[in-house]
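These are my notebook entries on one structure. I wrote down what I looked up, in the order in which I looked.

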Amino acid sequence: MTGTTPSPTPRSSLDPAIAARLKRDAHGLVPAVAQQYDTGEVLMVGWMDDEALHRTLTTGRCTYWSRSRQEYWVKGDTSGHVQHVKSVALDCDADTLLIKVDQVGPACHTGTRTCFDAGELPLGQ
């Protein structure tokens, strides 16, 4: 469900200096863009709260907050399509994360390499 709020998360161990920089939405979430580190291919967009970001930074595996399931999920735990984290950066406004990963297998739940292959939208219409 889009717009649902996360359940109360455990107290996060995210570095307070990083937490202070983040600009979260009303639900405490930040969009996280996953990009293949060596090709620049944009793979998917997920959502992270402080705890998901902490887990991502400390484990080297992308952890997201699932708005539909209302729980954390580590990319690849059930599918085997793991994202090995190479770097994490904040954008200039500190409201979006760029996670450079080494993607194993498809990134999209539909089984495709990227979530952005459903066709381009027409311009100028």
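I began with Arg24, which is partly exposed at a relative accessible area of 33%. For the terms, buried means under 20% relative accessible area, exposed over 50%, and partly exposed in between, with a 1.4 Å probe and protein chains only. I note that this is a predicted model, in which local features need pLDDT of at least 70, side-chain atom pairs count only at pLDDT 80 or more, and totals for chains, interfaces and linings use all residues. Residues are numbered from 1 along each chain as its sequence is written, and side-chain values use heavy atoms, with hydrogens and water left out.

**Entry: salt bridges**

I looked up which residue forms a salt bridge with Arg24, and found Asp50, with the closest N and O atoms 2.8 Å apart. A salt bridge here is a side-chain nitrogen of Lys or Arg within 4 Å of a carboxyl oxygen of Asp or Glu. Asp50 is in helix 2 (residues 50-59) and Arg24 in the loop between helix 1 (16-21) and strand 1 (30-36), so the pair links distant parts of the chain, 26 residues apart. Helices (H or I, at least four residues) and strands (E, at least two) are DSSP runs, numbered from the N terminus. Asp50 is buried, at a relative accessible area of 18%.

Next I took Arg113, which forms a salt bridge with Glu41; their closest N and O atoms are 3.1 Å apart. Arg113 lies in the segment after strand 6 (97-103) and Glu41 in the loop between strand 1 and strand 2, so this pair ties together parts 72 residues apart in sequence. Arg113 is partly exposed at 32%, and Glu41 is partly exposed at 29%.

I also looked at Glu51, which forms a salt bridge with Arg55, the closest N and O atoms being 3.0 Å apart. Why are Glu51 and Arg55 separated by about one helical turn? They are four residues apart in helix 2. Glu51 is buried, with a relative accessible area of 9%, whereas Arg55 counts as partly exposed at 28%. The structure holds five salt bridges, and I have written up those of Asp50, Arg113 and Glu51.

**Entry: charges over rings**

The charged end of Lys86 sits over the ring of Tyr37, at 5.0 Å from its centre.

**Entry: aromatic pairs**

I then looked up how many aromatic pairs there are, and the count is two. Rings of Phe, Tyr and Trp (its six-membered ring) pair if their centres lie within 6.5 Å; planes under 30 degrees apart count as stacked, over 60 as edge-to-face and the rest as tilted. Tyr64 is buried at 1% relative accessibility, while Trp73 is partly exposed at 24%. Trp65 and Tyr72 form an edge-to-face pair, 4.9 Å centre to centre, with 75° between the planes. Trp65 is buried at 3%, and Tyr72 is buried at 18%.

**Entry: the largest pocket**

Trp73 is also one of the residues nearest the centre of the largest pocket, together with Met44, Ser66, Arg69 and His109; the lining has 25 residues. A pocket is an open set of points on a 1 Å grid over the protein atoms alone, where a 1.4 Å probe fits and protein lies on both sides within 12 Å along at least five of seven lines; lining residues have an atom within 4 Å of a point. The space in the largest pocket is about 610 Å³. Strand 2 (42-48), strand 3 (63-66) and strand 4 (71-74) each give at least two lining residues, and strand 2 has the largest share, with four.

**Entry: backbone angles**

Most residues other than glycine have a negative phi. I found that Gln70 has a positive phi, near 60°, in the loop between strand 3 and strand 4. Ala94 also has a positive phi, of about 60°, and lies in the loop between strand 5 and strand 6. Gln70 is partly exposed at 27%, whereas Ala94 is buried at 10%.

Terms used:
Grid points are joined across faces, edges and corners, and a volume is the space filled by probe spheres set on the points. A charge sits over a ring if NZ of Lys or CZ of Arg is within 6 Å of the ring centre and within 35 degrees of the ring normal.
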